[in-house]
Amino acid sequence: MPRPTTYAVLIASVFTLASAGPSAQAQFHDPAVHGLERLEPLVLGVDNDSSKMAPTEYRLKVGQGYRWKIVASDLTEYAFVAPDFVRNIWIRKIEAGDPEVEIKAVTFDELEFENGGEVELFFVAVRPGTYEFGPKGLMERGMVGKIIVEQAGSGPAATTPAAKSTDDDEDDG
């Protein structure tokens, strides 16, 4: 009898999962939807100083889903950029505005804040590395942050800075 191919094993796994019922299916969660970790919001323009932001460092884990709020003060116009980071994550959506608008995009070049505002980025860290972020035009003057993405199981147990709670983003599919 010939050995099953990878394709046949995959099909068998799908049928097994489908026939196992909801309790077994619930064990398989999309990290971009379930168990999202809320990162500490990034604030552009702190202490009434348009050239400061906080925090300036984040530590993330590959495979973990995150919610990251970016809040811009109305002290100046900001164009948030993180080109290498954005190309190494999977973006589920970006929420902005009031009333809220959901933007579904594979990537973005910049998030521009003309008179303050906030956006929330929902994503999964995909590739380890160290990535810079900050406002375009102000990074050259030292307003630069760092995102360190580590393999799961390496480095500190908790991501920093992040809120301790996790949640599900089940508002849509």
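Buried means under 20% relative accessible area, exposed means over 50%, and partly exposed lies in between (1.4 Å probe, protein chains only). This is a predicted model, in which local features need pLDDT of at least 70, side-chain atom pairs count only at pLDDT 80 or more, and totals for chains, interfaces and linings use all residues. Residues are numbered from 1 along each chain as its sequence is written, and side-chain values use heavy atoms, without hydrogens and water.

Stop 1: Select the open sheet of 5 strands, order 4-12-11-6-9, with mixed pairing. Strands are DSSP runs (E, at least two residues), numbered from the N terminus; two strands pair if DSSP finds at least two bridges between them. Strand 4 (57-61) and strand 9 (111-113) stand at the edges, each with a single partner strand, so one side of each has no neighbour in the sheet. Now pick Ala79: its bridge partner in strand 9 is Glu112.

**Stop 2: salt bridges.** A salt bridge puts a side-chain nitrogen of Lys or Arg within 4 Å of a carboxyl oxygen of Asp or Glu. Show Lys146 and Glu57, joined by one at 3.9 Å, N to O. Lys146 lies in strand 12 (residues 145-150) and Glu57 in strand 4, 89 residues apart. Glu57 is partly exposed at 31% relative accessibility. Lys146 is also partly exposed, at 34%.

Next, show Glu150 and Arg59, a salt bridge at 3.1 Å, N to O. Is Glu150 buried or exposed? Glu150 is buried, at 14%. Arg59 is partly exposed, at 24%.

Technical notes:
Helix = DSSP H or I, 4+ residues; strand = E, 2+ residues; numbered from the N terminus.
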